[in-house]
Amino acid sequence: QLQASGGGLVQAGGSLRLSCAASGRTFSSYALGWFRQAPGKEREFVSAINWSSGSTYYADSVKGRFTISRDNAKNTVYLQMNSLKPEDTAVYYCARANAYSTSPKDYNYWGQGTLVTVSS
């Protein structure tokens, strides 16, 4: 199971850190990804990390502002979000895939989502 947390309301230019904690099976060689979905829009890829290698991937829209990291001991993935913009407002989901992908269809386990609201 994946449990996402850390969302909230923040002003433009502010920061938030999202967490995704796993229980049960460990991540092993999987990829952990963050997606987001704004009202009326499709779910979109934000960032991902390969659990074993630590390789990271970012959507162009968040590159340079967001940082994904992992804590092996805590079985937790983090998404540090800086310089937030109103267009970052969405429900953010963490998910697990067998390998890195930007397509939600390739992720087979999903957390419940956490709402991030950025005010202008």
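Me: What does Asp60 form with Lys63 in this model, and how far apart are the closest N and O atoms?

Reply: General idea first. Side chains of opposite charge can pair when their charged atoms come close. Here, in a predicted model, Asp60 and Lys63 form a salt bridge, with 3.2 Å between the closest N and O atoms. That counts because the cut-off is 4 Å.

Me: Is Asp60 buried or exposed?

Reply: Exposed. Its relative accessible area is 66%, and exposed means over 50%.

Me: How many salt bridges does a search of the whole structure find?

Reply: Four.

Me: Which residue forms a salt bridge with Glu44?

Reply: Arg36 does. The closest N and O atoms of Arg36 and Glu44 lie 2.6 Å apart. Now check burial. Arg36 has a relative accessible area of 6%, so Arg36 is buried. Glu44 has 36%, so Glu44 is partly exposed.

Me: What does Asp88 form a salt bridge with?

Reply: Arg36 again. For Asp88 and Arg36, the closest N and O atoms are 2.9 Å apart. This pair links distant parts of the chain, 52 residues apart. Asp88 sits in the loop between β8 (76-81) and β9 (90-97). Arg36 belongs to strand β4 (residues 31-37).

Me: Are Asp88 and Arg36 buried or exposed?

Reply: Both Asp88 and Arg36 are buried.

Me: Which residues do salt bridges that share partners join into one network?

Reply: Arg36, Glu44, Arg65 and Asp88.

Technical notes:
Residues are numbered from 1 along each chain as its sequence is written. This is a predicted model: local features need pLDDT of at least 70, side-chain atom pairs count only at pLDDT 80 or more; totals for chains, interfaces and linings use all residues. Side-chain values use heavy atoms; hydrogens and water are left out. A salt bridge is a side-chain nitrogen of Lys or Arg within 4 Å of a carboxyl oxygen of Asp or Glu. Buried means under 20% relative accessible area, exposed over 50%, partly exposed in between (1.4 Å probe, protein chains only). Helices (H or I, at least four residues) and strands (E, at least two) are DSSP runs, numbered from the N terminus.
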